[in-house]
Amino acid sequence: MEGETLLWLIRHAAVEGAAGAIHADDARADLGDHAALAALRQRLPPDATSYASPSRRTVETARALGLAPELVSEFREQDFGDWTGHRHDELAATGGDAYAQFWRDPARGQPPNGESFVDQVARVRLGLSRIGAGSAALVVHSGTIRAALCIALDLTPQAALRFVIDPLSLTRIDRLANGWRVVSVNQRIS
């Protein structure tokens, strides 16, 4: 692969519905923050190729930003399996040892019928390898952005989970010929 790849990683808008829930792929984005969407749209390079996770909230956010993204399954959020659709406080109260065990090592822990964050990092690495040189806007999930930072900074998955990635925030990383460059993380555009 020749040339630099300039990545504009955008976390999708907040999700409609209950706070603290593990949302399914069909959860809708709350696109009511028109000012934030407009400001973010102005920051994106006009010539960028766009990509998104196939989840409804990422596609809706991408379209609100004026993008027509290619959907990339490797950019999905971590699969929480049987816990999807449940609230964390509910799982803490009723999830038994499996939920408690998961939080002892959240990078390697695997929800029932789900995947670990380590698995997600491997998936995201594959997705990123398919993006060619030039500018690319990716509308994805907080876990996807943490995974990309894990790769770019050569962090342990456990360390990458420390990043806060807010809805409608911008993270900028570049893949260069000799490694990665991190420009900004979790930047709120207003």
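Visitor: Quick one to start: where is His 86 found?

Guide: His 86 sits in the loop between β3 and α3 (88-94). Helices here are DSSP runs of H or I with at least four residues, strands are E runs of at least two, and both are numbered from the N terminus. Bear in mind that this is a predicted model, where local features need pLDDT of at least 70, side-chain atom pairs count only at pLDDT 80 or more, and totals for chains, interfaces and linings use all residues. Residues are numbered from 1 along each chain as its sequence is written, and side-chain values use heavy atoms, with hydrogens and water left out.

Visitor: Okay. Is His 86 buried, exposed or partly exposed?

Guide: His 86 counts as partly exposed because its relative accessibility is 29%. Buried means under 20% relative accessible area, exposed means over 50%, and partly exposed is in between (1.4 Å probe, protein chains only).

Visitor: What does His 86 touch?

Guide: Not counting residues up to four places away in sequence, His 86 touches Gly 20, Ala 21, Ile 22 and Leu 91. Contact means heavy atoms within 4.5 Å.

Visitor: Which helices supply the lining of the largest pocket?

Guide: α4 (96-104), α5 and α6 each supply at least two residues, and the largest share, three residues, comes from α6.

Visitor: How do α5 and α6 cross?

Guide: The axes of α5 (residues 117-129) and α6 (residues 142-152) cross at roughly 75° and come within 9 Å. The two helices are therefore roughly perpendicular to each other. That label covers angles of 65 to 115 degrees. Axes are lines fitted to C-alpha atoms, for helices over the stretch in contact, and angles run from 0 to 180 degrees between N-to-C directions.

Visitor: Which residues meet there?

Guide: From α5, Phe 117, Gln 120, Val 121, Val 124, Arg 125 and Leu 128 meet Gly 143, Thr 144, Arg 146, Ala 147, Ala 148, Cys 150 and Ile 151 of α6. Those residues divide into eight nonpolar, three polar and two charged.

Visitor: Why does Leu 128 count as buried?

Guide: Because its relative accessibility is 3%. Leaving aside neighbours within four places in sequence, Leu 128 is in contact with residues including Leu 7, Phe 75, Arg 175 and Trp 180.

Visitor: Last topic: where does Leu 168 lie?

Guide: In the loop between α7 (157-160) and β5 (169-176). Phi of Leu 168 is near 60°, a positive value in a residue other than glycine.

Visitor: And what about phi of Asn 186?

Guide: Phi of Asn 186 is near 55°, also positive, and its place is in strand β6 (residues 179-188). Asn 186 is buried, with a relative accessible area of 17%.

Methods:
Parallel < 35°, antiparallel > 145°, perpendicular 65-115°, else oblique. Nonpolar A, V, L, I, M, F, W, Y, C, P; charged D, E, K, R; others polar.
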